[in-house]
Amino acid sequence: MLTALTRMWLTRSVRPFTFRPEYDQVLPYGDCQRLGLYVHIPFCRSLCSFCPYCKVPYDAALCDRYIDALLEEIRLVGEGGGGRKQVTSLYFGGGTPALAAGRLGEIVRELEKYFDITEGIGVELHPDDVVPEVLETLRDAGVTRISIGIQSFQPKFQRLLGRAPVDGAVLARALAAVPFQTVSMDFIFALPGQTFEDLRRDLDTAFACGANHVAIYPFIDFTFTASRLPAMRKGEKRRLLDRITAYCGEKGYRRDSIWTFAAAPEVGYSSMTREHFLGFGCSAVTLLGDQFKINTFSVEAYCGRVGEGRLPTALTLRFTRRQRMVYYLFWEAYSTRVSARAFAETFGVPLERMYGPELRLARALGLARYRDGVYTMTPKGAFYYHHYENYYTLAYIDKMWGILRREAFPRGLKL
Ligand SMILES: C[S@@+](CC[C@H](N)C(=O)[O-])C[C@H]1O[C@@H](n2cnc3c(N)ncnc32)[C@H](O)[C@@H]1O
Ligand code: SF4
């Protein structure tokens with residue numbers, strides 16, 4: 001209800017986000033500025049009960065067939081692109097992309113036929129893959145940034161999440177042997193009974209292992225996942241987040257998005273906040289101009305559809321102008337900064353003309369500050385974004401992914 005009202009207020013319309021089972025076979029990315037690339041590898045050794053992402057148990061033959069289809073999807077998109085296009089970054093996510101480490105180089109080379117990648121290549125890793133041989137294979141494929149899903153260094157929380165303990169010393173040795181520009185580590189916070197001391201110990205271990213970037217995700221209880229953990233109370237969550245933010249600052253890690261802290265500006269790791277991106281593989285999202293499209297979640301349906309020479313898009317949403325603005329602001333705010341000039345350049349209209357009352361309200365409530373054409377979120381604003389993000393995730397992502405997990409090509413969806 002809250003999310004529907006907010007959507008109506010911000011889009012100044014009762015029109016829902018309407019997804020249809022159609023797509024453009026030729027994608028109009030030629031004129032997009034700051035385009036990013038994302039590739040999804042949906043295989044894991046075992047499936048974690050709390051995880052909402054699109055993934056299936058690893059099977060070598062299926063993984064090979066999937067990568068062949070992925071190369072074909074890249075060709076289908078790239079051949080329609082009208083020439084080699086400069087892009088910012090390439091991110092591999094999953095699942096566990098390192099299970100296909102031996103073929104990531106092949107995927108990068110196929111992409112490089114059509115795209116010139118200027119800001120490096122990132123890969124999400126499971127801690128089990130942080131061993132010198134795998135890291136060397138990734139580095140040889142061109143990877144410059146890695147993000148490791150630690151969740152917690154403490155056995156009691158790993159047990160709660162159904163994961164095996166992670167040995168910091170093993171990680172530290174592997175990371176010292178094969179360095180990367182960005183070494184990011186993911187943690188989950190707001191787990192039942194988790195205290196600031198628990199998180200401080202986790203962060204200290206991460207920093208000592210060589211992490212120059214950390215992501216601290218609030219636990220989200222997706223309706224379709226098997227785990228059921230009691231939610232932490234709002235006040236407790238706020239105190240915890242404030243203390244983590246202050247602690248990261250003391251250690252020289254500055255907030256570079258709602259959830260992440262970086263030791264230097266050039267070590268960021270973010271596969272999400274690009275203005276435009278092309279996504280390849282199961283469940284991958286593409287955002288170009290006014291269209292948002294999402295690929296099928298079914299590995300078999302993905303391979304079948306690409307085998308017919310068609311794109312594996314399950315649903316496409318064509319934004320109204322206001323909807324596109326809201327989506328843009330949502331992801332800009334995720335970086336904790338919204339530039340009025342960038343907004344005006346993107347939409348050809350001043351930000352204050354479109355959202356003047358909301359911006360004044362945000363400043364009056366102490367959620368944002370304004371300086372030199374940029375609105376910056378305060379710690380209070382960051383907490384509330386964090387907090388309400390949970391509702392939006394459940395209202396939009398949970399619903400969309402829930403349907404796409406059941407049906408390879410749904411007939412449509414309204415959110
Ligand atoms: C695709 S997963 C991680 C990559 C790798 N497969 C692994 O498990 O280490 C990306 C990150 O999302 C976060 N995540 C997964 N499920 C979550 C949930 N229910 N709530 C909050 N964060 C979650 C975890 O921190 C995880 O490391
Ligand atoms: S958390 Fe990582 S390893 Fe676990 S199921 Fe999700 S993607 Fe796979």
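A residue is buried if 20 or more other C-beta atoms lie within 10 Å of its own, exposed if 12 or fewer, and partly exposed in between, with C-beta atoms placed from the backbone. Strand β9 covers residues 145-151, and seven of its seven residues are buried. Strands (E, at least two residues) and helices (H or I, at least four) are DSSP runs, numbered from the N terminus.

This is a predicted model, in which local features need pLDDT of at least 70, side-chain atom pairs count only at pLDDT 80 or more, and totals for chains, interfaces and linings use all residues. Residues are numbered from 1 along each chain as its sequence is written, while chains are lettered from A and ligands numbered from 1 in the order in which they are written.

Two strands pair if DSSP finds at least two bridges between them.

| Partner of β9 | Residues | Bridges | Direction |
|---|---|---|---|
| β8 | 121-125 | four bridges | parallel |
| β10 | 182-189 | six bridges | parallel |

Leu125 stands opposite Ile148 in β9, and Ile146 stands opposite Val183 in β10. Helix α4 (residues 132-140) forms a right-handed β-α-β unit with β8 and β9; right-handed means that, with the strands pointing away from the viewer, the path from the first strand over the helix to the second runs clockwise.

Gly36 belongs to strand β2 (residues 35-41). Gly36 counts as buried because it has 23 C-beta neighbours inside 10 Å. Gly36 and Ser89 are 53 residues apart in sequence, with 5.2 Å between their C-alpha atoms.
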